[in-house]
Protein chains: 2
Amino acid sequence: MGFEPQGTLPSFFSARKGVAANRPTGIKDEGNMKRTAVGNMLIAQSGGPSMVINQSLVGAVLEARKQKPIKRIYGALHGIKGILDGKIIDLRRESAATLEAVAATPSSALGSVRKKPSPEDCVRIFEQLRKLDVRYFFYIGGNDSAETVHIIHQESAKQGFDLNCFHIPKTIDNDLRENDHTPGFGSAARFVAMAFMGDNLDNRALPGVKIDVVMGRHAGFLTAASALARVHPDDGPHLIYLPERPFDPDAFVRDVQGVYSRLGRCVVAVSEGVSDKSGTPIAATFIKEVDSHGNVQLSGSGALGDLLARLIKDKAKISRVRADTFGYLQRSFPGIASPVDSKEARGVGREAVRQAVKGGSGSIAIRRARGSAYRVSFDRIELSAVARDTRHVPDEFIAKSGNDVTPAFVKYARPLAGALPKVGRFKGKTVRM
Amino acid sequence: MGFEPQGTLPSFFSARKGVAANRPTGIKDEGNMKRTAVGNMLIAQSGGPSMVINQSLVGAVLEARKQKPIKRIYGALHGIKGILDGKIIDLRRESAATLEAVAATPSSALGSVRKKPSPEDCVRIFEQLRKLDVRYFFYIGGNDSAETVHIIHQESAKQGFDLNCFHIPKTIDNDLRENDHTPGFGSAARFVAMAFMGDNLDNRALPGVKIDVVMGRHAGFLTAASALARVHPDDGPHLIYLPERPFDPDAFVRDVQGVYSRLGRCVVAVSEGVSDKSGTPIAATFIKEVDSHGNVQLSGSGALGDLLARLIKDKAKISRVRADTFGYLQRSFPGIASPVDSKEARGVGREAVRQAVKGGSGSIAIRRARGSAYRVSFDRIELSAVARDTRHVPDEFIAKSGNDVTPAFVKYARPLAGALPKVGRFKGKTVRM
């Protein structure tokens with residue numbers, strides 16, 4: 001897509017030149033100074049699953065089948081753990097129907113892992129990849145996975161092992177640098193928006209205070225997506241708390257009381273990662289406090305919501321207060337993936353293979369075109385540009401009050417989540433008695 | 001549907017005869033000894049919302065518009081509270097488009113309430129209904145709502161106020177007597193099945209123990225519906241605990257350890273209402289225990305899941321243990337209602353109006369025809385047959401082990417939840433290294 005790999009990865013190309021003697025046999029010079037490795041491909045999935053991570057996998061596999069330099073197509077089970085343990089499956093053996101069925105299925109079909117390779121792991125990984133004559137390595141995941149790819153890439157250069165390493169972006173947290181947004185976020189945002197649409201209607205029917213805890217430990221994009229649920233001016237979520245702003249329990253109680261006295265009800269979206277001024281997660285503060293009073297070890301995903309609910313009951317003197325924690329459903333619920341997200345997830349997988357065959361290593365970033373119509377392109381970027389560090393919700397997306405998002409965020413997120421169910425409401429012509 | 005109201009409600013008809021002097025003006029004798037009241041209709045919604053409760057509302061309203069004896073069509077906001085407070089809207093003023101949009105929207109569009117009318121409330125309710133010249137009263141809800149209708153019906157007979165009272169069934173708990181199943185259950189079951197499909201895939205990708213707490217305090221039908229999620233023999237939920245069997249924490253730990261050692265992972269469905277041998281809810285036991293150690297008031301929906309997770313961590317020595325509590329999403333998530341459930345919910349609303357116009361009071365029950373094809377009919381039943389008491393998951397639906405359901409349950413529930421998303425899985429031809 002208008003990208004020139006020769007221009008942006010000079011260091012890697014010179015590194016390869018410098019280790020020419022160690023270069024494996026499967027390299028041919030295509031005459032235009034670009035070297036295309038011929039050999040096998042290995043792909044794996046890492047980190048938290050998403051609803052569309054298999055679209056990226058299948059996008060890569062289907063593209064690889066078209067690329068002549070790519071011979072066998074291997075899938076490692078449970079990420080680099082599968083490489084280390086030699087748990088590899090042959091993805092050329094899967095039918096087109098199976099691939100399409102897997103693509104439409106949430107959660108990592110190859111299995112996932114949360115593991116950063118140690119230097120010893122890297123040595124072992126190269127042994128395994130050499131054994132399998134792998135020249136193309138693809139790893140689908142977030143910033144930790146990008147770092148893993150980066151480490152493996154650096155080690156491969158050091159060892160003179162000719163490996164084209166590509167990171168394929170995925171994270172429901174939407175916190176990868178360089179990307180306008182990340183595959184997986186749109187579908188998770190769609191789940192969160194739908195959940196809040198329903199929960200707002202539930203709260204409207206049986207009024208009270210409802211606190212919903214949303215995933216996203218450090219980045220509040222997914223919690224912010226709750227704003228997409230609003231249809232009518234009085235719809236919830238009425239308050240939205242992101243980890244990008246310090247969470248003040250007293251201000252929280254005041255905020256809730258304010259909404260409750262105005263509307264007789266209040267729906268709150270809280271990120272699981274909300275933290276106090278010092279950066280300590282509120283969940284941790286509360287849990288520590290409870291620990292000092294007894295042997296209670298609160299270690300489950302419902303704790304923060306329950307504790308915030310107790311705070312409102314105690315301090316705001318509101319009796320009907322409930323909390324739900326959306327949990328893993330946000331990343332794995334089947335049948336409701338955002339169509340745009342599904343298409344883009346497939347696209348980044350396909351693009352990674354295309355770029356890898358051109359030579360070198362990197363990641364694929366989603367860029368959004370300026371203008372009113374939603375349009376994206378995929379860019380090849382350096383692994384170092386996306387690895388490790390994350391991005392946060394920018395200031396222009398957070399309301400000055402610190403308890404809501406801006407219209408700019410809604411405009412940003414709406415096309416990613418796709419069309420939401422329609423909400424019907426009575427005009428409600430009052431009958432005089 | 002083949003029902004003869006004269007045959008089943010003799011007492012009510014004689015009661016009405018006995019108070020002929022007090023009978024309001026809007027009664028005409030149709031010549032066939034069946035009296036059709038002419039007057040206004042009032043409808044309201046009560047109890048916990050469901051995804052399809054508005055289908056019943058709209059079914060009743062659309063049918064009422066066709067029935068000549070029914071004049072104005074009133075909706076009371078927040079159930080009997082709206083009648084008491086005089087918060088009534090005119091449902092004849094709503095367009096067909098609005099009605100259809102509302103029908104497809106989850107959660108009680110008129111608002112709901114959890115309130116059992118006192119004798120004083122009843123007096124006031126009759127005053128209000130007289131004022132509005134209401135002859136047809138419809139109340140959509142569960143067994144508590146049926147009891148409310150029953151009380152109002154008995155009081156109306158006592159006072160000689162000619163009121164045709166119908167209960168329209170609704171409950172995601174599926175615990176109404178006389179009914180094969182209840183409107184609202186199929187859609188909630190569909191949500192639970194979808195949630196477990198996704199969660200099983202998530203757990204397969206990142207193995208560990210996952211405990212999901214499902215609604216249904218006294219009846220385990222909704223928790224049992226988690227079994228619909230299974231596609232492959234190794235799919236979760238691997239263990240299902242219903243409130244119909246005593247919950248033994250030690251047996252629970254052993255069960256989880258057994259599955260975990262066999263599959264390396266375990267997905268558990270637990271009803272929020274699981275109780276010990278003495279009938280004390282496990283949640284209550286745990287919470288009491290914590291209370292005695294400090295001032296911790298655990299009062300939120302995440303508590304049971306978190307506490308069961310802690311039990312597994314401590315006793316089974318498994319490190320990755322997570323718990324989610326599905327919460328209100330089970331009854332209010334938009335866009336995924338079961339088509340069969342939606343259709344039947346509309347049907348019971350329509351049928352209640354048809355039966356009410358025939359005269360008398362009662363409820364509508366869903367019966368299933370014997371035979372392999374799924375087919376239902378609606379029967380008119382006595383209010384007393386459905387009010388107050390609930391039904392439980394029958395023994396033939398619960399596995400002997402007490403930690404699963406039987407194939408008979410799956411056969412029973414599958415048509416109610418409707419078609420579920422397809423799950424793709426690789427054949428996974430292993431590569432030898």
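Modeller: Before we look at this predicted model, one term is needed: two strands are said to pair if DSSP finds at least two bridges between them.

Biologist: What makes β8 and β10 of chain B a pair?

Modeller: Six bridges join β8(B) to β10(B), residues 266-271, and the two strands run parallel. Since at least two bridges are required, the two strands count as paired. Within this pairing, B:V209 stands opposite B:C266 of β10(B).

Biologist: Which residue is the bridge partner of B:V209 in β11(B)?

Modeller: That partner is B:V321. β8(B) and β11(B) are also parallel, and they are joined over five bridges, which again meets the requirement of at least two.

Biologist: Why is β8(B) called largely enclosed?

Modeller: A residue is called buried if 20 or more other C-beta atoms lie within 10 Å of its own. Six of the six residues of β8(B), which covers residues 209-214, are buried, so the strand is largely enclosed by the rest of the structure.

Biologist: Which residues of β8(B) point one way, and which the other?

Modeller: B:V209, B:I211 and B:V213 point one way, while B:K210, B:D212 and B:V214 point the other way, and all of them are buried. In a regular strand, the side chains alternate between the two faces of the sheet.

Biologist: Why does B:H181 count as buried?

Modeller: B:H181 has 24 C-beta neighbours inside 10 Å, and because the cut-off is 20 or more, it counts as buried. This residue lies in the loop between β7 (164-169) and α8 of chain B. Leaving aside residues up to four places away in sequence, B:H181 touches B:N174, B:G186, B:I366 and B:L416. The C-alpha atoms of B:H181 and B:D341 are separated by 9.7 Å, although these residues are 160 residues apart along the chain.

Biologist: What makes α8(B) a mostly covered helix?

Modeller: 21 of the 21 residues of α8(B) are buried. The helix reaches 30 Å from its first C-alpha to its last, which is close to the 30 Å expected at 1.5 Å a residue.

Biologist: Which element gives the largest share of the side of chain B that touches chain A?

Modeller: α8(B) gives the largest share, nine residues. Altogether, 72 residues of chain B are in contact with 72 residues of chain A, where contact requires C-beta atoms within 7 Å of each other. By class, the chain B side has 32 nonpolar, 24 polar and 16 charged residues.

Biologist: How do you know that the copies meet through the same surface?

Modeller: We compare the interface residues of the two chains: 100% of those in chain B are also interface residues in chain A, so the copies use the same surface.

Biologist: How many residues do the domains of chain A bring into contact with each other?

Modeller: 17 residues of domain 1 of chain A are in contact with 15 residues of domain 2 of chain A. The domain 1 side of this contact divides into nine nonpolar, five polar and three charged residues. Domain 1 of chain A consists of 5-183 + 335-385, and domain 2 of 187-332 + 393-415.

Terms used. Residues numbered from 1 in each chain as written. Chains lettered and ligands numbered in written order. Predicted model: local features only at pLDDT ≥ 70, side-chain atom pairs only at ≥ 80, totals over all residues. Helix = DSSP H or I, 4+ residues; strand = E, 2+ residues; numbered from the N terminus. Nonpolar A, V, L, I, M, F, W, Y, C, P; charged D, E, K, R; others polar. Expected span 1.5 Å × (residues − 1). Buried ≥ 20, exposed ≤ 12 C-beta atoms within 10 Å, placed from the backbone. Domains from an automatic or database assignment.
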